[in-house]
Amino acid sequence: GEHLRRCPRNRPLHAKLQQAAATYYGIDKAVGPSIEAVDLDAADSVLPPHPDATLVVVCEVLEHLSNPGRFLDRLRAAYPVQTIVTVPNAFAAAGLSWLNKGIENVNADHVAYYSAYTIANLLQRHGYSVQTVAWYNGHPKFAEGLIVVAHG
């Protein structure tokens, strides 16, 4: 039979970016130090204005959204700058090994899988110019995740 295994959340990125950036603005589901709460799935949500933004990092977000294209349209309009997007890799070796055991090992909050092609295609459909697609934590094509550098 098929089973679903829940993966834990990992959120150390905000703190690391705050240490590295001269100025940092964070957006997340919940308010925290230098983090504004925004529901990225809500059609009427407004991204806070930060005209001095020079780089946007969207780390492990798109796979959680019901309508990632709508979010990308709003993101590009609000911050037409270089954007780094990361998503889990649909073809990750670890996930495939679980599938061979009959288990879909996925975060219960995820609603989509992305490959190098599909994430680049999504970004391009929503006005981004994709500059680089790379993999993290593993060998290309079968690594844990994808990193895309694009410009809005």
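Leaving aside its neighbours within four places in sequence, which residues is L72 in contact with? In this predicted model, L72 touches L62, L122, L123, H126 and Y128, where contact means heavy atoms within 4.5 Å.

First, a word on the ground rules. Residues are numbered from 1 along each chain as its sequence is written, and side-chain values use heavy atoms, with hydrogens and water left out. Local features need pLDDT of at least 70 and side-chain atom pairs count only at pLDDT 80 or more, while totals for chains, interfaces and linings use all residues.

On confidence, the protein averages a pLDDT (the predictor's confidence in each residue, from 0 to 100) of 86, and 92% of the residues score at least 70. Helices (H or I, at least four residues) and strands (E, at least two) are DSSP runs, numbered from the N terminus.

Helix α2 (residues 68-78) has P68, G69, F71, L72, R74 and L75 as its buried residues; buried means under 20% relative accessible area, exposed over 50%, and partly exposed in between (1.4 Å probe, protein chains only). These buried residues pack against β4 (55-59), β5 and α4.

Strand β5 (residues 82-88) holds T86, which is buried at a relative accessible area of 10%. The side chains of T86 and E60 are joined by a polar contact of 2.9 Å. For that term, a pair of N or O atoms must lie within 3.5 Å; within protein, one must be able to donate a hydrogen and the other to accept it, and residues adjacent in sequence count only if both atoms are side-chain atoms. Outside four places in sequence, T86 has contacts that include V58, Y136 and I147.

P88 also lies in strand β5, but P88 is partly exposed, with a relative accessible area of 23%. P88 and V106 sit 18 residues apart in sequence and 9.8 Å apart in space, C-alpha to C-alpha.
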